[in-house]
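Subject: A structure to look at, with notes

Dear colleague,

I am handing over a structure that I would like you to look through.

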Amino acid sequence: MDLRQLINQQPVIGLSPMDGITDEPFRLIQTEIAQPDVIFTEFVSAEGISRGGFKLYDQLLYKPQERPIIGQLFGKDPQSFYAGAIILAELGFDGIDINMGCPAKTVTANGSGAALIENPQLASEIIKSVANGINDWHTDKNALKKLKLKSKLDQVILRNQKYSQLKISSKIKPTLSVKTRLGINESIIDQWIPHLLKHPIDFLTIHGRTLKQGYAGQADWQQIGRVVRLAKGSGIKIWGNGDVQNRTQAQDYLKEFGVDGILIGRSAMGNPWVFSDHLPTVSEKYRCLLYHAQIYQATFPLRRFDSLRKNFLSYAVGLPNAKQLRQKLVHINNISDIIDIETDFLSSTDSQ
Ligand SMILES: Cc1cc2nc3c(=O)[nH]c(=O)nc-3n(C[C@H](O)[C@H](O)[C@H](O)COP(=O)(O)O)c2cc1C
């Protein structure tokens, strides 16, 4: 279903963007095991993809079964956001999201991510640039050409389009959204949210923490409920995010706090079943870990396993002998290492 139609028709429970985690192999596993209503990519730098960061386009690879899929941009330069929006639209994304919530120092130090909360003027310019990018792409078939990107980028975009089996005839006008936090040091939703709602966005995701909190403490869902009330009458959907553990809790929160959608992040790590009501057995978790590694190798044959380790460790949560298992998982370098560990551990546990 068309994303715009979907978000207007029903509450959604989606996969939150996680840099270094929700890459293409992760998202493929996720779709196979339990399909979220909507999926976000990891964020990519608007400056990076518009100025020739070819490697970044790996983060934008997706297969048709991941739809509806939203690409997320971060940065601070409105011109790059304009170009980034046209590029993401050309890659066939169903939605384009602007990151105004990342607390990482590497991102906020130069004024991007959650730092935009203290620069509402720039935040406005960025949203307008993305809106213009989407509209120009939709109405002008030469919009991409007019960006005059480095010539090699044309080939990379074509590679991604082929990978995503994009039909050039089906031109989807992406939705526009923002993902943000409550404030910098304390919640300033009474000023920040009405400011954002003045712009032509389809939905707004609010993570119930401040920048200062990072990921510490608890997400404040009362504040998220208040954001819903602030948005009443605006026509803009509000999605909540933070500390949701499973699908049942997401469904309860949809009702309790009146949000139009919920994004689940960390609870999906090593646990793609989070979007279903199924509780995985020990052997299902092992099989999934192995499968994850196989898909990773098939997708990125030249990459080492280092960046997969964070995901491996998540699969160990709640498994018998988790501590010993984690010690082994951090040393994995190839598929046969996983099979050896699996044989050892499954034979020492009742694998059902
Ligand atoms: C490792 C990691 C990477 C993240 N990367 C992104 C990102 O690229 N873009 C974004 O908007 N949020 C990012 N987040 C934040 C999550 O999307 C989400 O807002 C946050 O984890 C709270 O939700 P949760 O409690 O369900 O995980 C990241 C979080 C983590 C833990």
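Predicted model: local features only at pLDDT ≥ 70, side-chain atom pairs only at ≥ 80, totals over all residues.

Residues are numbered from 1 along each chain as its sequence is written.

The domain assignment, whose bounds come from an automatic or database source, gives domain 1 (3-275) and domain 2 (282-348). The centres of domain 1 and domain 2, taken over C-alpha atoms, are 29 Å apart. Their contact (two residues are in contact if their C-beta atoms, placed from the backbone, lie within 7 Å) takes 11 residues from domain 1 and 12 residues from domain 2. On the side of domain 1 that touches domain 2, there are 8 nonpolar, 2 polar and 1 charged residues, where Ala, Val, Leu, Ile, Met, Phe, Trp, Tyr, Cys and Pro count as nonpolar, Asp, Glu, Lys and Arg as charged, and the others, Gly among them, as polar.

Now please find strand S8, residues 261-264; strands (E, at least two residues) and helices (H or I, at least four) are DSSP runs, numbered from the N terminus. In a regular strand the side chains alternate between the two faces of the sheet. Both faces of S8 are covered, with Gly261 and Leu263 buried on one side and Ile262 and Ile264 buried on the other. A residue is buried if 20 or more other C-beta atoms lie within 10 Å of its own, exposed if 12 or fewer, and partly exposed in between, with C-beta atoms placed from the backbone.

Two strands pair if DSSP finds at least two bridges between them. Strand S1 (residues 12-15) runs parallel to S8 and is joined to it by 4 bridges, with Val12 having Gly261 as its bridge partner. Strand S7 (residues 237-241) is also parallel to S8, through 3 bridges, and there Trp239 stands opposite Gly261. From S7 the chain passes through helix H11 (residues 247-257) to S8 in a right-handed β-α-β crossover, meaning that, with the strands pointing away from the viewer, the path from the first strand over the helix to the second runs clockwise.

Finally, Ser314 lies in helix H13 (residues 309-316). Is Ser314 buried or partly exposed? Ser314 is partly exposed, because 19 other C-beta atoms lie within 10 Å. Leaving aside neighbours within four places in sequence, Ser314 is in contact with Met269 and Gly270.
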